[in-house]
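User: Could you walk me through how to read this structure, one feature at a time? I'm new to it.

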Amino acid sequence: MSVLAFDLGASSGRAMLGRLNSRAIEMKEIHRFPNDPVRIGDRFQWDILRLYHEIKQGLLRAKGEQELPASIGIDSWAVDFGLLDARGELLMNPYHYRDPATEGVMERVFREIPPAEIFSRTGIQFLPFNSIYQLVSIQQLRPFLLQEAGSFLMIPDLLRYFLTGEMESEFTNTTTTQLYNPAARGWDEELLRKLHLPSSIFHSVLQPGTLAGKLRESVTGELGLPPIPVYTVAEHDTASAVAAVPALERSFAYLSCGTWSLMGTEVERPVLTERARELNFTNEGGVYGTFRLLKNIMGLWILQEAKRSWELEGVLYSYSELVMMAEAEPAFACFIDPDDPVFLPAGDMPKRIREYAARTNQKPPQTPGAIVRCIMESLALRYRQVLELTEELSGQAFKGLHMVGGGIHNESLCQWTANAIGRPVWAGPAEGSAVGNMAVQWISLGELSDIWEARAVIRDSFEVRVYEPADIPLWEEAYGLFKQRTGGNTIQQ
Ligand code: LRH
């Protein structure tokens, strides 16, 4: 039975058609499109109508395939949302989570509500762009939007609404707002009240795998398709990626490696200890009653932005060229803390890396190869640090690390990660989010019995490449240097 997964990332989106043939998944990309955010003045927004247009293009391509999909699911990056009026029309273009307007908002909110209270109610890490702070920023800059708003829908919920006409929120993505209370199993009325946010705009929260409607008449009419069912999947892309981790054991560590690096483990209950808050870990909603105890690491974003800077200077490198240049550079020459806030906004990363190096008494890397080497080694060492913290918080010991997502195409990063953690890395599948999206649909359609059967099928269907650790003493020494040069305490942000 085939299903259609729309998987939207921060720089591109894709429509993947998946077929389950006697316990083997066959996947085909039927449409891929860029997701280019748009800068107007000092604001940074998503082109949501274009994304909806591309989703319709994906549906048209599916129509051309042998067999129509039995169902559809959408996942995307987290935290961002649209506001709609009482008639269900979009009031604003959703802002990009890297829009600068949220700067300082989190600190202002802390004056009203102490961070310990926000964390104990939501279990969510403090990131300046969480929906809660975006909403407070809208309240301050464009209050009429909230006065007019009838509905708040996150990106996949919004696109699902465009397709079906039904408005509902989905659990995994909802938790990333930092406005959802897992103990109360609903939007946190107390936080909303304290922040003077209208609770009436928030919709009921469905678990992943719920039938949430079918293609509405205007869509079926326009595209010439039947009313295909649309399911909530794990609509947060990271939740879908974690669902697709081909783990053999119930206790496993993962690294979802894309624009962001999300590292952690799956837990039965949120970890709400003071230590978890201090380390700024999060407990995002997972599939089938689980939570994702994890931490955001800035990830390949720094490399993507560096590449863009060189492009602006007129030099176009491919990722494989950049990685080859990095491999030719001397090891461990300079380290950055990838999670230093200077690396969060879009901009000139080579310059910021050089400034970081100067600030921390290191020789600033000059060539693109040296800069990329610095980024990749620093990421690998940061992964070690966060893996150890995950073990501390969860009380588990991991034998190795599952890496999923497009970042695993960077083989040196996988190898250096294995070296840094001194344990094997199991890399695959690269299309984690799309596969997890499909798995939840197949479970709902009764084609797979549960998530563990899904993980076993995923393991049999996709190549999982093993990277054994090498040069362990060298990396051990580098880890010490990394901690020293990045201030020893890079864990707060
Ligand atoms: C990764 C991701 C991550 C969020 C960020 C906004 O795509 O969903 O889990 O923190 O984007």
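User: Which residues come nearest to the ligand?

Analyst: A residue is near a molecule if its C-beta atom, placed from the backbone, lies within 6 Å of it. Around the ligand there are 14 residues, and W77, A78, D237, T238 and W260 come nearest. Keep in mind that this is a predicted model: local features need pLDDT of at least 70, side-chain atom pairs count only at pLDDT 80 or more, and totals for chains, interfaces and linings use all residues. Residues are numbered from 1 along each chain as its sequence is written.

User: How does the shell around the ligand divide by class?

Analyst: For the classes, Ala, Val, Leu, Ile, Met, Phe, Trp, Tyr, Cys and Pro count as nonpolar, Asp, Glu, Lys and Arg as charged, and the others, Gly among them, as polar. Here the shell has 7 nonpolar, 6 polar and 1 charged residues.

User: Next, helices. Which residues of helix α2 are buried?

Analyst: Helices are DSSP runs of H or I with at least four residues, strands are runs of E with at least two, and both are numbered from the N terminus. A residue is buried if 20 or more other C-beta atoms lie within 10 Å of its own, exposed if 12 or fewer, and partly exposed in between, with C-beta atoms placed from the backbone. An α-helix has 3.6 residues a turn, so residues three or four places apart point the same way. In α2 (residues 105-112), V105, M106 and V109 are buried. They span an arc of only 95° around the axis, so they sit on the same side of α2; the arc is taken from the directions from the helix axis to the C-beta atoms. On the other side of α2 you'll find E107, R108 and R111, which are exposed. The cover over the buried residues of α2 includes α4 (131-141).

User: At what angle do α13 and α15 cross?

Analyst: Axes are lines fitted to C-alpha atoms, for helices over the stretch in contact, and angles run from 0 to 180 degrees between N-to-C directions. Under 35 degrees counts as roughly parallel, over 145 as roughly antiparallel, 65 to 115 as roughly perpendicular, and the rest as oblique. The axes of α13 (residues 319-327) and α15 (residues 368-394) come within 7 Å and cross at roughly 90°, so the two helices are roughly perpendicular to each other. Two residues are in contact if their C-beta atoms, placed from the backbone, lie within 7 Å. L322, V323, M325 and A326 of α13 meet P368, G369, V372, R373 and M376 of α15. By class, that contact has 7 nonpolar, 1 polar and 1 charged residues.

User: What should I look for in the backbone?

Analyst: Most residues other than glycine have a negative phi, and most peptide bonds are trans. Q178, not a glycine, has a positive phi of about 65°. Q178 lies in the loop between α7 (171-175) and β10 (180-181) and counts as buried, with 25 C-beta neighbours inside 10 Å. Y288 also has a positive phi, near 50°. That residue is in the loop between β17 (282-285) and β18 (291-297), and is partly exposed, with 15 other C-beta atoms within 10 Å. The peptide bond from G428 to P429 is cis, with omega near 0°.

User: Where does L20 lie, and what is L20 in contact with?

Analyst: L20 is in strand β2 (residues 12-21). Leaving aside neighbours within four places in sequence, L20 is in contact with M1, I25, W442 and E447. The C-alpha atoms of L20 and L448 are separated by 9.4 Å, though the two are 428 residues apart along the chain.
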